Amino acid sequence: MKDVFLKKLALVTFGLAITGSGFAGASKEPMSAEQLRNGLVRFALANNELAPVLNSASRLEGPSADFLRAQLLLASGRTEDAISELKAVIDGDYHRADAALLLGKTLLHYQDPEAQQWLELAVRVGGRETGSEAGFYLAELHRSNGHSEKAGQVLGGLAAGYWAAVGYMNLASDYAREDLNAVRALVSLRVALAMAEQDPEVSRRKVLTGRLLVRAGYLALQNNDYDKAISFLEGVSLDGDNNLTAQALYFHGLALSKKGSSRAAMQSWHRAKKYPLAYPGVADSWIGMGRGYDLSGYLGQSGEAYLAATAALESERVTLRNLAEQIREGGAYNTLLAKARDTGVEWFLADHRIKTQPRIAYLHELLQEPEAQKAVSRVAELDAVGSELEREARDLDVFIRSLKSQLTTLSRQKPDVVGGLLSTQRFLHKELSALSAQPLSAIQRARLDAVAETLAETSTDLTTFGRSVQNQPLELERLLAEARSLKSSTERLYGQVQVLRREADRQLDELALEFVSEQDRRMVLVQDKAEQQIAHLYEYLAVSKMEGREP
Amino acid sequence: MFGAQKDRKAVKTRRLTAVVLLFAVSACVTSLSRASELDSRIEALKSQVHEHSANVFALQQSILHPANTRLAVFLTLGAGDTLELDSVELYLDGEPVASHLYSARELRSLDNGGVQQLFTGNLSSGEHELKTVVSAQAANDHFVRRESVYRFTKRPGPFRIQMSLDAQAPDFEPRVVFHEWK
């Protein structure tokens, strides 16, 4: 954070030196109507509250207008129109790279082969950030088509930073899958680590670096290069409350164990055991403890450790069965997400909860999968749309009641509503003239001038108001009819949202249940291993006893 | 004999594997196409809902905030990117009327010329007081909470106030500049 601010500070100082008083003047000038409209759309796109600005999309002006309009169309679900608008922006003079990147990403989402040409354009004409992001997506496109070499060439041309680092990380996964040895994959991960260092966003960099180090550690371990694995894994932060730390601790213990340091390995596994069994590596760490005691010659403790592992795994299987039951009854979204969000007064314990609640740990694991992310975001989006429509229906109910009551009041009111107000106006004007005739100080004169100005405006308003009062019942009737029609379309749309919500819920439930049963299978596998180890141990003890030697 | 049997068995196993794989792939493709079909339907509905919400918003504005008494307060950030805005609270004649906690995305948008409509409400003509409390982190890493008060006279007709937030070197003290649009 400090680095970022120092950079900002330097930039500002530099900017001041160049622009002089221009900078100070910038904030003193009020916005133009064009800046206001564009600015409101820009902010609405950031906080996703599009309703207030959607109707002003056609009135946007200036160099950024078309690009903002395209983004607005895309965010409001009018993808076809947005694509045409983005193509028009690319043909224009402004925001070409940003538009090409957005178009490329949108087409990539729909698996349209045209995506490639727009991403290539964005790489060519884009600045550092836009070009790098476009390059990453282009490399991903090549990777998904099985062209790792091409992906590598694209990544080679990118500026160091987050996007290049993620690109090299994904490339390393391909190399690890394709190659017989881990050299190419490790080189890619080293490059990714170097690239990630240039990412100015601290939290993002930290998570990515941790992920890269765990992968590099695992690959080195697979390659029997234990010292290298240990050096990578020791770089992973122990502050993390996520699955990375637990996984890193398990691999670290494994590397130490392979090197013959069982005691040191057990220290790492002991730490990993503190994490939920949902995280990869934790269940194996439980078994690792038994193995560690065994190798150190403490057979009694080894047996106890294996028994503790089977008990923990059995208990976890009960948790998983309960979780599956809850998902079947209440749906995955409610079980895993809605309840997890409800932190109540214990919000400050949120970090601690992540480490202790199996439900949240499993949610964390489930959300590592892109398909699960999509399924959850679908339900969340429909949930938000449904809530918004419910709110609108409530508001429209209130409006309808209020408009009806206004119409009733108006029908009972005397026709000359304005007459009384006009006579008060005349009286006030007289009072003002009388006061103005008095000897007054400059301050008093200024105050009276302000009052006179308000009074003059009120007079004009009253005259027009008199006319509009006559038209008011008609206007209220029109608003009432509009409110009623909107209420009925709200109900219709709410019904459609609910249909889609049920379908999205069903898909998420399927994914979550499959995930939970996969976790159960994993637990059974580890439990079997632990039980086998216990059997071996007892066998060894029995044989030793039979042969009359010390175990 | 056993060799031929073995071969037949191997062919059978391969066929079985191929069928299983085919089923697995087709199940995966079906689930993917089901998901993408659902995505298209959600997208189409989203577009209808957004259009509808814009109409509801317009109706709400015309009913709740008649043009004559309308007051709108907008927030912008001054040039320079020297202020990490945390929250803004707005008081009108001593009453809290709006507050906002900023996300990183919203801050980026404000830095790039975004304008936030912080408050829309109704106000009678005459003198009023607008107080704003800004909590932010300045470029010199200091956390600051500053109050600014602005007195104005509301006249009949729509009335808009622009609040421009700035913090300039060397002290990076947050300043709020108010502009009236009549």
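Biologist: In this predicted model, how many of the 10 residues of strand 7 of chain B are buried?
Modeller: Strand 7 of chain B spans residues 159-168, and in this prediction the strand is largely enclosed by the rest of the structure. That description follows from a per-residue tally of burial, because the number of its 10 residues that count as buried is 9.

Biologist: Which residue of strand 8 of chain B is the bridge partner of Ser164(B)?
Modeller: Ser164(B) belongs to strand 7 of chain B and is there the bridge partner of Thr76(B), within a parallel pairing of strand 1 (residues 70-77) and strand 7 of chain B that runs over 7 bridges. Strand 7 of chain B also pairs with strand 8 (residues 173-181) of chain B, in the antiparallel sense and over 9 bridges. In strand 8 of chain B, the partner of Ser164(B) is Val177(B).

Biologist: Which residue in the turn between strand 7 and strand 8 of chain B has a positive phi?
Modeller: Strand 7 and strand 8 of chain B form a hairpin, with 4 residues between them. In that turn, the residue with a positive phi, of about 55°, is Phe172(B).

Biologist: In which sense, parallel or antiparallel, does helix 3 of chain A run relative to helix 2 of chain B?
Modeller: The axes of helix 3 (residues 33-47) of chain A and helix 2 (residues 104-111) of chain B come within 8 Å and cross at roughly 165°. Since angles over 145 degrees count as roughly antiparallel, the orientation of helix 3 of chain A to helix 2 of chain B is therefore roughly antiparallel.

Biologist: How many residues of the contact of helix 3 of chain A with helix 2 of chain B are charged?
Modeller: Helix 3 of chain A contributes Arg42(A), Phe43(A), Leu45(A), Ala46(A) and Asn47(A), while helix 2 of chain B contributes Arg105(B), Glu106(B), Ser109(B) and Leu110(B). Sorted by residue class, this contact holds 4 nonpolar and 2 polar residues, and the number of charged ones is 3.

Biologist: Is Lys46(B) buried or exposed?
Modeller: Lys46(B) lies in helix 1 (residues 2-64) of chain B, and, leaving aside residues up to four places away in sequence, it touches Ala75(A), Ser76(A), Gly77(A) and Glu381(A). Its relative accessibility is 14%, and the cut-off for burial is under 20%. Lys46(B) therefore counts as buried.

Biologist: What is the relative accessible area of His95(A)?
Modeller: His95(A) is found in the loop between helix 6 (79-91) and helix 7 (96-109) of chain A, and it has a positive phi of about 55° although it is not a glycine. The residue is classed as partly exposed, because its relative accessible area is 28%.

Biologist: What is the relative accessibility of Asp93(B)?
Modeller: Asp93(B), although not a glycine, has a positive phi of about 50°, and its place is in the loop between strand 2 (83-92) and strand 3 (95-101) of chain B. Asp93(B) counts as partly exposed, because its relative accessibility is 40%.

Biologist: Which residue of strand 5 of chain B is the bridge partner of Val88(B)?
Modeller: An open sheet of 4 strands in chain B has the order 3-2-5-6, with antiparallel pairing, and its edge strands are strand 3 and strand 6 (143-154) of chain B, each pairing on one side only. Within chain B, strand 2 and strand 5 (residues 126-138) pair over 9 bridges in the antiparallel sense. In strand 5 of chain B, the partner of Val88(B) is Val134(B).

Key. Residues numbered from 1 in each chain as written. Chains lettered and ligands numbered in written order. Predicted model: local features only at pLDDT ≥ 70, side-chain atom pairs only at ≥ 80, totals over all residues. Heavy atoms only, no water. Buried < 20%, exposed > 50% of the residue type's maximum accessible area, 1.4 Å probe, protein only. Helix = DSSP H or I, 4+ residues; strand = E, 2+ residues; numbered from the N terminus. Pairing = 2+ DSSP bridges. Axes fitted to C-alpha atoms, helices over the stretch in contact; angles between N-to-C directions. Parallel < 35°, antiparallel > 145°, perpendicular 65-115°, else oblique. Contact = heavy atoms within 4.5 Å. Nonpolar A, V, L, I, M, F, W, Y, C, P; charged D, E, K, R; others polar.
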